[in-house]
Amino acid sequence: MADEVYDGSPVAALRRIAFLLERGRADRYKVKAYRGAANAILPLPADEVAARARAGTLTELAGVGASTARVISQAVAGKVPDKLAEAEAEYGAPLTDGAGSALRARLRGDLHSHSDWSDGGSPIEEMAMTAMELGHDYLVLTDHSPRLKVARGLSVERLARQLDVVDAVNAHLDGGFRLLKGIEVDILDDGGLDQTEQMLARLDVRVASVHSKLQMDAEQMTKRMVAAVRNPYANVLGHCTGRLVTGNRGTRAQSRFDARTVFEACAEEGVAVEINSRPERRDPPTKLLELARDIGCLFSIDSDAHAPGQLDYPLLGCERAEAAGIDADRIVNTWPVERLLEWAAP
């Protein structure tokens, strides 16, 4: 493949490599090298980049190393960069054999994503641009809440600053796409939400998730989750069992709770049950997904992306939703943004 003609820009090659590595959940620091190099050459005229490639001086630019300089040089020369060919071979295959693609085509956006303001790996604008490239009409930015210190959860002050940044990003984007203001808010031990009502009221969409004491007593966990679902600011119940089934973080058993009671509360309150599309989560498990379907819940098929390349994951959730026979109109992110915002308003 490296001998094939490449007619894209070096920036596009670097971003595509980073996207594919993120899609395959590669080491974040490896990804940063490619995104950093793309950012380094983005402001430069194409003629200057080409001249540096010919002169071998690309590595004089801050953020460009030997490996990324080779990618740039090969792209400038019209050859598919070796690293791009390798990434396409390892991570570029379709995520499914075609299952879920019809439903994926109906998704308008993604309600659960993270930036480098908390535990994501990329700036807000990079997440937004990638969502646009994937055909989204909207993306909800849902960085973590204050209690989750390990994930650099946002205090009231930081979240307020982030909302200003979202406004600034939207001001520079095509009007056909909107970055929406959101949060993945921790469900506290007593079922409260880990952010002030004043800040929750300023947001468009709120994903409520349990991140602590995942193995607490089933009765207490049920009360905790039901209290959160009945909070008027809760819109989506995130990765409801908290399980991990694979991946570099190891595995983790699912939380114990009365799923019928929790899902009945979701149905009564109009809170969507998240179909978390991360390969290591696949949450909720199939039996619980089918129970939520039968009870009449709404759903949200989300990436829970912590990097731009992971915004591709909803196809995996769509595959599961199609297999469960869930009607597309019960999936809130198939809705246009106006309907979504009306539903999410407290």
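Contact here means heavy atoms within 4.5 Å, and the views below are taken from a predicted model.

**View 1. Surroundings of F299 in the largest nonpolar core.** Leaving aside neighbours within four places in sequence, F299 is in contact with A272, V273, I275, L289, A292, R293, I326, R330, I331, V332 and N333. The largest nonpolar core has 61 residues, and F299 is listed with L179, L237 and F263 as having the most contacts inside it. Another core, of 28 residues, lies apart from this one and includes Y6, I17, A40 and A53.

View 2. Seven strands with parallel pairing follow the order β1-β2-β3-β4-β5-β6-β7. Because β1 (109–110) and β7 (299–302) stand at the edges with a single partner strand each, one side of each is left without a neighbour in the sheet. Four bridges join β7 to strand β6 (residues 272–276) in the parallel sense, and V273 stands opposite F299 in β7.

**View 3. Helices packed on the sheet.** Helix α8 (residues 156–172) touches β2 (138–141) and β3 (178–186), and its direction makes about 160° with that of β3. Helix α14 (residues 337–344) also packs on the sheet, where it touches β2, β3, β4 (205–209), β5 (236–237) and β6, while its direction makes about 30° with that of β3.

**View 4. The aromatic pair of W335 and W343.** The count of aromatic pairs comes to one, formed edge-to-face by W335 and W343, with 6.0 Å from centre to centre and 90° between the planes. Both W335 and W343 are buried, and R339 lies over the face of W335, at 3.9 Å from the ring centre.

Terms used: Residues numbered from 1 in each chain as written. Predicted model: local features only at pLDDT ≥ 70, side-chain atom pairs only at ≥ 80, totals over all residues. Heavy atoms only, no water. Core = buried A, V, L, I, M, F, W, Y, C linked by side-chain atoms within 4.5 Å. Buried < 20%, exposed > 50% of the residue type's maximum accessible area, 1.4 Å probe, protein only. Pairing = 2+ DSSP bridges. Helix = DSSP H or I, 4+ residues; strand = E, 2+ residues; numbered from the N terminus. Axes fitted to C-alpha atoms, helices over the stretch in contact; angles between N-to-C directions. Phe/Tyr/Trp six-rings, centres within 6.5 Å; stacked < 30°, edge-to-face > 60°. Lys NZ or Arg CZ within 6 Å of the ring centre and 35° of its normal.
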